Amino acid sequence: MAAKAKKNSSSAAIDLTPYDFIGFGNPADTKPTCASCHPGGAGLEYDRKGNRYDFFLKAHPQLSQSLDGDYFQSSWNKSGVVEADCLICHYSGYNWQARTQQLKLRNYKWAATVGAGLGQVTGAVAQGNTPRVEYDKKKFNPDGTVSHAAWVASPAPGNCLFCHGISDQKKRGFSWGDKLNPDIHQQRGLNCTTCHFLVNDPAKGITTINHQIAMGDDLGEEVAPELRNTVYSCRECHEKGIMGAPRPRHSSIPPNHLQRLTCEACHIPQVGRAPGLAFDVLSGTMVDLPLVGQRVGEAVTWQPQWFRHPRKGMIQPVNILHPIWLGNRDADGIIYPLFFREIQPVWERLRGKVNTDKGAPVVATEEEIRLLLVTSQQVLTANPGRFKQIHPVYFKAGKVWELDANNNLRESKDPNLEEPIFCINHNVSPAGMALGAKGCSDCHSRQGKLYQRIVVDPFGLDGQPVTVRQASLLGWTPLSFSFTNFYLTLLSPLFVLLLVGLLLAMSLHYVIVGPRGTCLAQCPEELELFALDERVIHLVRMLSFIFLAVTGLLFAFHRVGAIEFLFGSYEAARVWHWSMGLVFGLSSLWAIVRWWKDCRFAPCDREWLRVMGGYLSRREVHAPAGKFNAGQKLFYWLTTVFTLTIGISGVIMIFGQKVSPALWHWMVPLHGISALVLILAVIGHAYLGTLANPGTWRLLVTGKVSPEWARAHHPLWYEGKIGAPEEQETAEEEKGGEDLTQS
């Protein structure tokens with residue numbers, strides 16, 4: 001396209017050149033062309049020495065009869081070459097199918113003219129004819145230039161889909177502007193170039209004039225790594241409000257989910273077009289096996305697989321294609337895929353011997369795999385071709401099957417062979433349709449995302465697809481997965497019921513049974529039951545536990561708004577929670593050491609347990625007890641066990657990113673369950689230590705009790721406390737009597 005700028009004109013025009021809008025114009029033309037900005041071009045244009053095919057063959061016609069691979073039996077001088085075609089992207093209404101048809105007819109230099117609808121071509125180089133062009137004069141200006149009206153500075157999505165539509169549908173089930181596959185961004189008027197803009201980074205030598213288009217961080221693409229992550233991410237747009245993007249609060253979503261899941265993981269809960277599951281070449285042709293439905297692109301709903309992105313460290317929705325192919329392990333140890341022409345003779349011998357119900361050979365059982373390898377060995381041995389060593393291999397589901405030196409079938413993994421993984425970033429659903437909109441059950445119930453069965457092998461040894469749970473692919477063990485789901489779907493709601501039940505039981509106890517005995521506050525303080533350090537331990541534990549219980553419940557029930565109101569940010573609340581957890585942990589260790597001797601069970605505790613300490617009787621009942629009664633001892637050991645559990649699991653959770661997913665998902669429910677049980681136990685303990693025993697709260701301040709109260713509630717401790725001075729006094733009196741006798 002030789003572009004000519006007109007002075008005093010509001011619109012530019014394009015000069016018609018002998019190369020008809022293909023991209024570079026006539027090389028003899030001195031006017032500016034697309035090649036002025038895009039040197040090098042693209043497509044079938046230059047031979048291995050840098051010579052342009054058509055001009056070089058015209059100057060050396062004998063090359064078409066030579067064995068030169070670039071020119072053997074070629075007709076470049078008649079067909080022209082396929083140059084970079086700017087109109088594919090920048091011409092509204094470009095007809096990709098018409099262009100493709102011209103390429104099939106080898107009318108290379110006319111393909112862009114037909115694709116842009118500027119003219120019709122008759123005749124085909126492939127049929128030995130000289131093509132003739134009849135231009136559509138309505139699309140030309142009187143001076144012979146093409147009107148700029150059909151040009152667009154920013155390509156429309158339809159132009160992008162010429163290339164990306166079919167391939168992305170196979171790789172991702174992606175389609176744009178499709179009512180069966182909607183995207184909230186498309187519905188809001190965004191198009192491809194909104195996100196995939198031209199990159200301008202002079203520091204890397206990348207400028208917009210080079211048409212370097214921004215891209216994401218797709219696992220399936222290794223082209224142009226310098227452009228990776230140059231698009232705006234979902235998080236970047238919505239956190240900064242770029243282009244007016246709304247700023248979601250995610251007030252009902254646990255913040256740790258936002259740290260471990262990409263936005264797409266929740267906002268692309270399903271896709272409406274069938275992608276590929278595998279491609280099979282065992283018949284000597286490419287056969288696409290769809291993930292769902294009967295064919296790739298069919299209208300059918302499916303849920304993407306979740307995969308932990310190795311570079312981001314976050315869970316990303318993907319589609320993994322499972323190639324099924326034959327190869328040969330050569331003398332250098334490298335496995336080389338066989339060409340179709342090398343596979344076809346193998347298939348001719350196997351035809352009718354293996355199942356083809358799925359539209360492709362199903363080589364699944366060990367007998368079928370052995371037959372495939374033995375047949376491949378025979379065919380390749382008869383026609384060694386390019387290999388120094390004949391050792392066939394069968395690649396399926398990421399595994400290599402081959403025969404060892406003893407002719408035994410074995411399977412293994414080759415680190416150099418990977419299955420292609422394609423990230424799914426489009427067809428985004430709004431918040432109301434995203435995972436989590438209905439609560440934790442969207443993922444953690446038996447009908448949820450994490451219970452989804454994922455195909456990891458198109459057909460196993462029994463010929464049927466091999467599936468595993470989504471959670472297993474993320475590193476969860478079945479037991480840790482079930483434990484986490486139990487906690488999230490059952491125990492958290494159950495806690496509310498248990499809390500209400502406990503409060504109701506305490507109310508009924510107070511009304512029916514009533515408080516026990518004389519109010520401790522009305523008795524004179526004479527005996528010290530708890531020393532100063534014990535009272536300090538209890539006070540520190542109590543205050544730190546109240547703080548941890550409140551913040552922990554806010555975390556557990558995802559009250560992000562309340563957390564931000566109290567602490568300013570979720571991260572600040574976590575730091576406070578960790579810090580107070582350290583205070584609670586250290587004071588608890590002190591309490592465990594300080595009281596463990598007094599809390600050892602004794603025979604007298606059986607009587608206390610038999611009468612339940614008199615708490616269920618309306619009359620005054622007292623059972624034998626030392627410094628701590630049997631109920632207090634039970635509380636001590638229960639809090640000891642669950643405090644240690646909470647502490648250990650909490651420390652591991654702090655360093656959660658550095659531990660295995662299975663361990664993490666053991667610790668989260670263990671921490672939560674322990675905390676919930678401890679909260680209920682502490683509430684019950686507080687009731688029994690205050691309302692059920694009036695005035696007992698004073699022990700937190702003075703630590704002293706009256707002899708009457710001690711004799712009623714802790715008789716064994718009282719006897720030990722009072723008996724010791726009396727025995728000492730008696731011993732002194734006896735000693736004094738002996739001294740008098742001797743004197």
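Helix α21 (residues 630–654) packs against helix α22 (residues 661–688) at an angle of about 145°, and their axes lie 8 Å apart. The crossing of α21 past α22 is left-handed. Within the contact of α21 with α22, 16 residues are nonpolar, eight are polar and none is charged. The model is predicted, and the protein contains 24 helices and 20 strands.

**Overall composition**

- Of the 743 residues in the protein, 43% are buried.
- The protein exposes about 39500 Å², and carbon and sulfur atoms supply 59% of that area.
- When contacts between residues at least 6 apart in sequence are considered, 63% of them join residues at least 24 apart.

**The sheet β9-β10-β16**

- Three strands form an open sheet in the order β9-β10-β16, and their pairing is antiparallel.
- Strand β10 (residues 315–320) pairs with β16 in the antiparallel sense over three bridges.
- Val 318 has Cys 423 of β16 as its bridge partner.
- As a general point, strands of a sheet pair through backbone hydrogen bonds, in either a parallel or an antiparallel manner.

- Strand β14 (residues 399–403) is mostly covered, with four of its five residues buried.
- Strand β13 (residues 392–396) pairs with β14 in the antiparallel sense over three bridges, and Phe 395 has Val 400 of β14 as its bridge partner.
- Two residues separate the strands in the hairpin of β13 and β14, where Ala 397 takes a positive phi near 55°.
- β14 also pairs with strand β15 (residues 409–412), in the antiparallel sense and over four bridges.
- Val 400, the bridge partner of Phe 395, has Ser 412 as its bridge partner in β15.
- The hairpin of β14 and β15 has five residues between the strands, and Asn 407 in this hairpin takes a positive phi near 65°.

**Positive phi in loops**

- Most residues other than glycine have a negative phi.
- Gln 73 is not a glycine, yet its phi is positive at about 50°.
- Gln 73 is placed in the loop between α1 (53–59) and α2 (76–79), and its relative accessible area of 62% makes it exposed.
- Met 612, a residue other than glycine, likewise has a positive phi, near 55°.
- The loop between α20 (605–610) and α21 holds Met 612, which is partly exposed with a relative accessible area of 42%.

**Buried Asp 280 in a strand**

- Asp 280 belongs to strand β6 (residues 276–280).
- With a relative accessible area of 0%, Asp 280 is buried, because buried means under 20%.
- Leaving aside neighbours within four places in sequence, Asp 280 is in contact with Thr 285, Met 286, Val 287, Ile 324, Ala 360, Pro 361 and Phe 459.
- Asp 280 and Gly 359 are 79 residues apart in sequence, while their C-alpha atoms are 9.6 Å apart in space.

- Asp 168 is found in helix α6 (residues 157–172) and counts as buried at 10% relative accessibility.
- Residues up to four places away in sequence not counted, Asp 168 touches Gly 173 and Phe 174.
- His 713 lies in helix α23 (residues 707–713) and is buried, with a relative accessible area of 10%.
- His 713 touches Arg 516, Glu 620, His 622, Ala 625 and Asn 693, not counting residues up to four places away in sequence.

How values were computed
Residues numbered from 1 in each chain as written. Predicted model: local features only at pLDDT ≥ 70, side-chain atom pairs only at ≥ 80, totals over all residues. Heavy atoms only, no water. Buried < 20%, exposed > 50% of the residue type's maximum accessible area, 1.4 Å probe, protein only. Contact = heavy atoms within 4.5 Å. Areas by Shrake-Rupley, 256 points an atom, 1.4 Å probe, with all protein chains shown as cover. Pairing = 2+ DSSP bridges. Axes fitted to C-alpha atoms, helices over the stretch in contact; angles between N-to-C directions. Left-handed = near helix turned anticlockwise from the far one by under 90°. Nonpolar A, V, L, I, M, F, W, Y, C, P; charged D, E, K, R; others polar.
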